[in-house]
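This report describes the fold of one protein chain, moving from the whole to selected details. Please keep the sequence and the model in view while reading.

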Amino acid sequence: MRKTILLLVALLLAGLYSFAAPKQKSIVILYENDVHCAINGYPVLAGLRDAISDTAYVAVVSCGDFVQGGAAGALSKGKYVADIMRAVKYDVITLGNHEFDYPVTHVAKLLQQIEAPVVCANLYAANKKKSVYAPFIIKRFGKTKIAFIGATTPTALQTEAAAFMDGDKQIYSLREKDFFELMQRSINKARRKGAKYVVVLSHLGEAPNATGVDSHELVRRTTGIDILFDGHTHSVIPHDTVLNACGKPVVVSETGTKFKHIGKVLIRDGKMTNELIPVQTLSERSVRVQAVTDSIEILMREQTQRVVCHSDVRLRILNDKGGQEVRLAETNTGDLICDAYRIISGADIALANGGGIRAEKIAGDLTYGDITDMLPYDNHLWVVEATGATITELLRMNTSFIPVEDGSFPQVSGVRFTVHTADKTVSNVEVLNKKSGQYEPIDPEKTYTVATIDYCVTGGGFREMLKNCKVIERGEVLYRDVFVQFLEKNLGGRISNDYAKPQGRITIIQ
């Protein structure tokens, strides 16, 4: 026995026998934001996760805006998307503002279908001291604990106002006034619970807004965040560095929209690096998720394959650099849609918020599915009365952010005007006289009829400028079906070269 012990000691001293513990595996976090029903990206995301999981711990997370923005959401009220996300098996998700295109009760049902933990530190029932969903969740990867904290933009209280109200009574809050204190509290609590890393799933966007809450400001006003995955503004941000309240650099990253990229964070040997991977460069596919996606596409095809019309022109909402032109300038698609609203309703003027027009189409046949991709929300065409003064101020206020993209930028019909970006004013506002066919200066005292979607009347769009206007017609037809009626009946099933370019309704000068 003594000889055996001596032999083991000798082997250890010689380095020939070791009890060294295995090295901790790397940790990978895959992240996305603002998918907006681009369902063909989910098999790629899940496939990438599966390919990595043999050699590393992997988490898959979402920064919100998944159940609306395309045909898969519009045709099923989000159910199709929830079914696919359940197949992906997300580790944690947070909420975007467009989740609240539906009432909170409907959102809750969709989230139950997804079967993933939901984090949101700032969604509260009114007058309650506890958040609706957990502010954060801690997940363990080997010996390492990582906290995922969720945050949703408080601007949703304006842009998706109906979801937070019961009549005139506000029933939910996004805690705009004490937002940063809430977030710091969650960060501190996560650290006390042993989190080595704190990751924020943010649907805030990096653009300053009226609430004072954006992703960069969140970093600047807090300590303890290691990395922030952003959403909401659809920006492609591989790696922004923002200094926190103690001067420590924090990475902010955003993937764009509709699975343009998948974000990937690698944590190895105590170091964190991130990159954005263009989805088109990835060959991985999850067979399981692809099967679910394929079955849903078959269901959708039955609803969407009908050809509505033929377009001789490309219907554009993007500029040549891929930016959302529809959110900062007149587009031929905006002109066409607003003409449909004005002519079908018989109103003097039609307005469409640029953020409500979601896809562009190449020349050729347009199916009902194409139209649904363009106008995917559950909105209806309403007609209100507004004075010339109110209309002029609406146009001024909702063009004042140029050259920054803004979802409330007004596409128009029956009115034309000039925007002066230097001093954020508008001039030469003229309204089309339906009898003479000529444009005339707008009368500030006169009452005009304005056709737009209910979202822009009930408080969501145009910064509530139409909220107090008298509603004279509450249409029950979905806005995309109004557009279809115009294309089929008024245009005879063909969009001609008359719409090849914007009509010159909005002039923008310095």
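The account below begins with the overall architecture, then turns to one helix and to some backbone details.

**Overall architecture**

The structure is a predicted model. Its secondary structure consists of 13 helices and 27 strands. The radius of gyration is 26 Å, close to the 24 Å that the globule rule gives for 510 residues, so the protein is as compact as a globular protein of that length. Along the principal axes, the C-alpha trace spans about 115 × 45 × 40 Å.

Of the 510 residues, 55% are buried. Among contacts with a separation of 6 or more, 74% are made by residues 24 or more positions apart. The protein exposes about 22500 Å², and carbon and sulfur atoms supply 51% of this area. The protein carries 60 positive and 57 negative charges, whose mean positions are 11 Å apart.

**Helix α5**

Which residues of helix α5 are buried? In this helix, which covers residues 104-114, they are Val104, Val107, Leu110, Leu111 and Ile114. Seen down the axis of α5, the buried residues fall within an arc of 115 degrees, so they line one face of the helix. The face turned away from this buried side carries the exposed residues Thr105, Lys109 and Gln112.

What do the buried residues of α5 pack against? Their partners are α4 (79-88), β3 (92-93) and β9 (172-173). Just after α5, glutamate 115 takes a positive phi of about 60 degrees.

**Backbone details in loops**

Two further residues have a positive phi although neither is a glycine. The table sets out their values and places.

| Residue | Phi | Loop | Relative accessibility |
|---|---|---|---|
| Cysteine 37 | about 75 degrees | between β1 (26-32) and α2 (42-52) | 8% |
| Lysine 258 | about 50 degrees | between β13 (249-255) and β14 (261-268) | 34% |

A residue counts as buried when its relative accessible area is under 20%, and as exposed when it is over 50%. At 8%, cysteine 37 therefore counts as buried. Lysine 258, at 34%, counts as partly exposed.

Where does proline 403 lie? This proline is in the loop between α12 (388-397) and β20 (410-413). A cis peptide bond joins isoleucine 402 to proline 403, with omega at about 10 degrees.

Note on methods. Residues numbered from 1 in each chain as written. Predicted model: local features only at pLDDT ≥ 70, side-chain atom pairs only at ≥ 80, totals over all residues. Heavy atoms only, no water. Helix = DSSP H or I, 4+ residues; strand = E, 2+ residues; numbered from the N terminus. Rg over C-alpha atoms; globule rule 2.2 N^0.38 Å. Buried < 20%, exposed > 50% of the residue type's maximum accessible area, 1.4 Å probe, protein only. Contact = heavy atoms within 4.5 Å. Areas by Shrake-Rupley, 256 points an atom, 1.4 Å probe, with all protein chains shown as cover. Lys, Arg positive; Asp, Glu negative; His and termini not counted. Charge placed at Lys NZ, Arg CZ, Asp CG, Glu CD. Arc of directions from axis to C-beta.
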